[in-house]
Amino acid sequence: MRKHFGAKPYTYPQPVFILAAWGADGTPDAMNAAWGGISDDRELSLCISASHKTTENLLAHGAFTVSMADAAHTAACDYVGIVSAKNTPDKFARAGFHAEKSAFVDAPLIAELPIAVECRVKSYDPETGRLVGEIVNVSVDERALDAAGLPDVAKIRPITFDPFHNTYVALGETVGQAFHDGKALR
């Protein structure tokens, strides 16, 4: 037996992406976005409203970064999603974030969040809110790497959004090996 929730934008879990762009005056800006994901091997697609100041900023600069929210910065990541830069232009700083200039695109990296996808704006449809970014680079802070030089999920503790309960959930437990475990069923 299943319980039906109707037509809702509920995938489970949803990523917690923090988009960042420079404002017109050079001030860093960020917003929280959960509706998005990889749409091609060098492309990220997100659904963000044209009414967001961050949308205006990233379109003006033609670039943005997408950082993965983590457990250590849950409150800051939530804050940039509930406060508008239109009313609080220094919300990036109020969140406790520090900006670093990306070497690949005209957008800020968030020093506190260890993983970022650096993108150029490929397209944006203001009617649907669909933003498509060309992935130019993925950068990972060295503090989040394991002994082999790869991102360590236990060090990063990325969070996801649970739309059923309006909560953030930390990831971290490895339960299998991708492209391997299913071979046992052949």
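## A walk through the predicted model

Start by selecting D90 and R94, whose side chains meet in a salt bridge (3.0 Å, N to O). The term salt bridge stands for a side-chain nitrogen of Lys or Arg within 4 Å of a carboxyl oxygen of Asp or Glu. Color by accessibility and D90 counts as partly exposed at 35%, while R94 counts as exposed at 58%. The cut-offs: buried is under 20% relative accessible area, exposed is over 50%, and partly exposed is in between (1.4 Å probe, protein chains only).

A word on what you have loaded: this is a predicted model, where local features need pLDDT of at least 70 and side-chain atom pairs count only at pLDDT 80 or more, while totals for chains, interfaces and linings use all residues. Residues are numbered from 1 along each chain as its sequence is written, and side-chain values use heavy atoms, with hydrogens and water left out.

The structure holds five of them. Select R120 and E134 next: their side chains form a salt bridge at 3.5 Å, N to O. R120 sits in strand β9 and E134 in strand β10, so this pair ties together parts that are 14 residues apart in sequence. R120 is partly exposed at 38%, and so is E134 at 33%. Then pick D141 and R143, where the closest N and O atoms of the salt bridge are 2.9 Å apart.

**Helix α1.** Now show residues 53-61, which make up helix α1, and click on T54. (Helices are DSSP runs of H or I, at least four residues; strands are runs of E, at least two; both are numbered from the N terminus.) Is T54 buried or exposed? T54 is buried, with a relative accessible area of 3%. Its side chain makes a polar contact of 2.8 Å with that of D29. A polar contact here is a pair of N or O atoms within 3.5 Å; within protein, one must be able to donate a hydrogen and the other to accept it, and residues adjacent in sequence count only if both atoms are side-chain atoms. Leaving aside neighbours within four places in sequence, T54 is in contact (heavy atoms within 4.5 Å) with L19, A21, D29, A30 and M31.

**Helix α2.** Select residues 74-82 and highlight the buried ones, A76, C77 and V80. Viewed down the axis of α2, they fall within an arc of 100°, so they too line one face of the helix. They pack against β2 (17-22), β3 (28-33) and α3 (91-94).

**Last stops.** In the loop between α2 and α3, find P89, exposed at 55% relative accessible area. Draw a distance from its C-alpha to that of P28, 61 residues apart along the chain, and you get 8.9 Å. Finish in strand β12 (residues 167-170) with A170. A170 and I159 are 11 residues apart in sequence, with 4.3 Å from C-alpha to C-alpha.

Methods:
The arc is that of the directions from the helix axis to the C-beta atoms.
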